[in-house]
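Visitor: I would like a close look at one part of this model. Please take it slowly, one step at a time.

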Amino acid sequence: MISSLRGMNDILSEDYERFTHFISVATKIAQRYGFHFIETPLLEETALFKRSVGEFSDIVGKEMYQFIDKGNNDVCLRPEGTAGVVRAFVQKKLDRAGGVHRFFYHGAMFRYERPQKGRLRQFHQFGIESFGEASVYEDASMIMMASDILNELGIGYRLQLNSLGCSECMPPYKENLVDFVTKHKDEICEDCTRRIATNPIRVLDCKAEKCQDIYKEAPKLLNSLCSSCESDFATLKDILKQNEIDFEIDTNLVRGLDYYSKTAFEFVSDNIGSQSAIAGGGRYDRLVEFLDGRPTPAVGFAMGIERLMELIVMPEVKKEGYYIGAMDDEAQDLVVKIAQKKRKSDIVILEYKTKNLKNHLKAADKANVKYCAVIGSDEIKNGTIWVKNLEDKTENAILRDSF
Ligand code: HAM
């Protein structure tokens with residue numbers, strides 16, 4: 001038997017119901033906030049992710065499904081959705097159009113990580129990207145939208161918040177941090193030693209306990225913000241408080257992608273084990289320019305659908321639609337015709353085999369439909385169809401023309 005690849009799951013049956021329920025709730029809420037659907041390719045030039053997610057990030061450095069295609073192009077399966085949406089935004093020249101452009105998307109992402117519970121190599125994200133709005137009120141809206149989606153799905157969360165500063169306050173902070181970490185270079189792990197030269201702020205979210213103990217004393221970016229970043233962060237916290245969104249400040253929240261500045265946030269769940277991040281995002285005001293567009297402020301987030309599927313409280317499944325079958329061979333062609341007509345407005349499960357009433361009712365029950373409709377020789381004669389409502393158990397012979 002050929003099985004699916006490690007870390008790549010099928011989504012079917014009950015999982016599929018959770019998946020589609022999530023997509024419909026998230027889509028409805030994104031549309032309420034004025035977002036429009038965008039679809040970008042699964043395969044992109046590798047350079048896109050190197051320039052956006054960052055050459056020295058774990059995602060680009062270790063986790064890409066990268067290969068040379070038959071035309072000798074260096075391509076990879078997208079590890080995340082933001083870079084592709086920014087590329088599309090610039091390619092369509094929307095950066096020159098002015099105004100605000102708001103998109104949502106969902107689809108498969110690929111990261112060659114070590115699979116474990118909640119960590120897959122092919123997983124699905126629901127993502128939101130907003131371009132052209134520099135106001136921190138947009139950051140607050142993103143967070144409120146994610147919170148609305150989680151609330152509607154019955155999912156509890158903790159929201160972690162940080163500011164990563166801007167091109168004015170981040171570089172001097174980085175220098176201070178590098179000085180601090182260099183003083184401890186004999187005590188920190190190998191990964192952190194490498195990060196000093198490549199991406200120093202990533203040391204802050206190192207998972208090694210020993211490193212974390214050392215970094216407790218490290219300079220805090222929140223104490224080094226310039227006045228504009230400080231005032232935006234204060235406004236953001238105020239808006240969230242006014243709208244009753246609880247949050248925790250996490251000065252070590254730096255996110256695993258290099259494109260962020262100012263607001264960074266993560267929603268975590270305490271109910272799904274160690275891979276607890278269920279959504280993450282932030283502001284990325286420089287990325288459009290990095291990808292050759294006109295400078296355009298932007299902010300967004302993405303949710304991990306498989307992680308959320310474990311947490312969704314599903315609404316009670318309502319019985320709906322019809323099961324239609326024949327009790328005599330002579331009724332067989334007629335039930336097909338009736339089913340085709342009914343399918344213009346309803347779900348219809350059509351049974352091809354002729355059965356007695358008891359067996360049709362059993363099969364209809366299994367199909368979880370609301371009505372069981374059957375035709376036998378009597379019904380053919382009388383121009384009727386026999387219908388049982390499987391919820392309230394009422395039975396009726398209905399004229400076929402009015403069915
Ligand atoms: P991210 O934090 O890398 O952000 O991913 C977002 C979410 O995807 C995570 O919070 C998690 O729920 C899910 N996720 C990530 N990796 C895996 C995995 N290996 N298996 C299962 N689920 C996973 C981004 O991707 C950014 N593009 C978000 C963003 C949009 N920022 C601005 N706009």
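How many residues does helix α10 have, and how far does α10 reach from its first C-alpha to its last?

Guide: Keep in mind that this is a predicted model. Helix α10 runs over residues 227-242 and has 16 residues. From the first C-alpha to the last, α10 reaches 22 Å. At 1.5 Å a residue, 22 Å is expected, and the value in the model is close to that.

Now look at the side chains. Cys229, Phe233, Leu236, Ile239 and Leu240 of α10 are buried, each with under 20% relative accessible area. Look down the axis of α10: these buried residues fall within an arc of 125 degrees, so they line one face of the helix. Turn to the other side of α10. There Ser227, Lys241 and Gln242 are exposed.

What does the buried face touch? Follow the chain past the helix. Glu244 comes after α10, and its phi is positive, near 55 degrees.

Helix α7 can be read by the same steps. It has 14 residues, which should span 20 Å at 1.5 Å a residue. The end C-alpha atoms of α7 are 20 Å apart, which agrees. Met170, Tyr173, Leu177, Phe180 and Val181 are buried in α7. They cover an arc of only 95 degrees around the axis, so they sit on the same side of α7. On the other side of α7, Glu175 and Lys183 are exposed. The neighbours of the buried residues of α7 include two helices, α8 (190-198) and α9 (209-215).

Helix α7 also leads us to an open space. A probe the size of a water molecule, rolled over the atoms, shows where empty space is left. The second largest pocket holds about 380 Å³ of space. Two elements give two or more residues to its lining: α2 (46-54) and α7 (170-183). Helix α2 supplies the largest share, three residues.

In total, 22 residues line the second largest pocket. Nearest its centre lie Lys174, Asn199, Asp258, Tyr260 and Arg286. What kinds of residue make up this lining? Ten are nonpolar, six are polar and six are charged.

Terms used:
Residues numbered from 1 in each chain as written. Predicted model: local features only at pLDDT ≥ 70, side-chain atom pairs only at ≥ 80, totals over all residues. Heavy atoms only, no water. 1 Å grid on protein atoms, 1.4 Å probe; cavity = no way out; pocket = protein on both sides within 12 Å on 5 of 7 lines; lining within 4 Å. Points joined across faces, edges and corners; volume = space filled by probe spheres on them. Helix = DSSP H or I, 4+ residues; strand = E, 2+ residues; numbered from the N terminus. Nonpolar A, V, L, I, M, F, W, Y, C, P; charged D, E, K, R; others polar. Expected span 1.5 Å × (residues − 1). Buried < 20%, exposed > 50% of the residue type's maximum accessible area, 1.4 Å probe, protein only. Arc of directions from axis to C-beta. Contact = heavy atoms within 4.5 Å.
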